[in-house]
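Colleague: Could you take one part of this model and go through it closely, stating the cut-offs behind each term as you use it?

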Amino acid sequence: MSLPTALFKSLSRIKKDLKEDIDAVFNRDPAARNSLEVILTYPGIHALVLHRGAHYLWQNEQKLAARVISYGSRIITGIEIHPAAKIGRRFFIDHGMGIVIGETAEIGNDVTLYHGVTLGGVSWNNGKRHPTLEDGVIVGAGAKVLGPFTVGKGAKIGSNAVVVKAVPAGATMVGSAARMISDHHDEKGNPIVKKVDDANQQEKVAQAASTDNGIDKKSIDEKATNRSVRETAFQAYGIDPTSQDPVAEAFAKMLEHIQQSENRLDQLQAAMCKIDPDFCKKEYDKLCLEDIDVIGRADMDEIGTEQK
């Protein structure tokens with residue numbers, strides 16, 4: 001079979017896969033309105049179609065032509081995908097500007113990348129240098145996944161995270177360098193069985209106690225469902241509206257410790273006055289949470305409740 005004929009058949013298969021790619025866009029981007037708009041204005045679709053053609057040429061030893069197509073795709077879409085990279089089905093690139101996918105990268109099915117993502121290498125040696133993303137992985141905007149390791153099925157990588165080691169299936173990585181936030185694994189990726197069992201047991205006990213106290217079981221189920229949705233939904237930019245500001249939370253803990261120290265000083269002064277009546281109790285200006293703007297009113301009330 002001649003190369004033009006084989007290339008034509010390959011493009012025919014790409015055309016058949018195009019509908020599946022468009023459906024993936026509708027499933028993951030609420031801004032998509034119709035198929036024509038997606039085909040004409042979504043750079044992720046353009047980059048994916050061009051990559052499939054370049055990848056076919058690369059596999060058939062037409063490396064220069066493959067690199068030319070890849071370079072043209074980069075100019076047009078702002079997305080750089082090496083022709084040798086292996087990409088699965090229903091791959092979705094949202095916005096896409098600044099994405100770089102290296103030569104030995106492998107991407108499974110139903111993977112989503114946001115703009116600014118780098119699937120790069122940290123070695124100049126030949127061979128496997130870039131990461132492997134298994135099915136269902138989501139990588140947030142600006143994240144860097146660097147090295148020849150595997151990101152497990154269904155894992156999520158938050159915005160601007162820098163990941164340099166393997167990620168277990170279903171884990172969520174945030175920060176730079178990224179740290180794992182998972183109820184099922186520790187920071188080294190080891191499963192935590194006891195913690196999960198204890199959490200499930202505590203939840204059952206709490207539900208049983210609430211039922212005994214006359215609390216509506218339906219409202220409990222709704223709260224549990226909402227909590228489950230919040231836990232499984234991926235925040236593409238690494239921000240969860242239900243989470244506390246980490247800076248404010250750190251200040252709250254420090255101020256709480258200062259208040260405890262001040263209370264202890266008051267107790268020591270009272271004890272000294274009993275031992276030595278001539279000891280003069282000296283008043284001092286105490287630190288007030290209201291003087292710190294970074295701490296919100298809700299945080300102050302919560303700290304006051306805990307101290308009581």
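**The sheet and the helix beside its edge strand**

Modeller: Lys144 stands opposite Val162 in β13, where a strand is a DSSP run of E with at least two residues, numbered from the N terminus. This is a predicted model, in which local features need pLDDT of at least 70 and side-chain atom pairs count only at pLDDT 80 or more, while totals for chains, interfaces and linings use all residues. Residues are numbered from 1 along each chain as its sequence is written, and side-chain values use heavy atoms, with hydrogens and water left out.

Strand β10 (residues 144-146) runs parallel to β13, joined to it by two bridges; pairing requires at least two bridges found by DSSP. The open sheet has five strands, ordered β1-β4-β7-β10-β13, with parallel pairing. Because β1 (80-81) and β13 (162-163) are at the edges with a single partner strand each, one side of each has no neighbour in the sheet.

The buried residues of helix α4 pack against β1 and also α3 (43-59), with contact meaning heavy atoms within 4.5 Å and a helix being a DSSP run of H or I of at least four residues. These buried residues are Ala66, Ser70, Ser73 and Thr77, buried being under 20% relative accessible area, exposed over 50% and partly exposed in between (1.4 Å probe, protein chains only). They lie on the same side of α4, because their arc, taken from the directions from the helix axis to the C-beta atoms, covers only 60 degrees. The face turned away from that buried side carries exposed Leu64, Val68, Tyr71, Ile75 and Ile76.

Gly78 follows α4, with a positive phi near 75 degrees.
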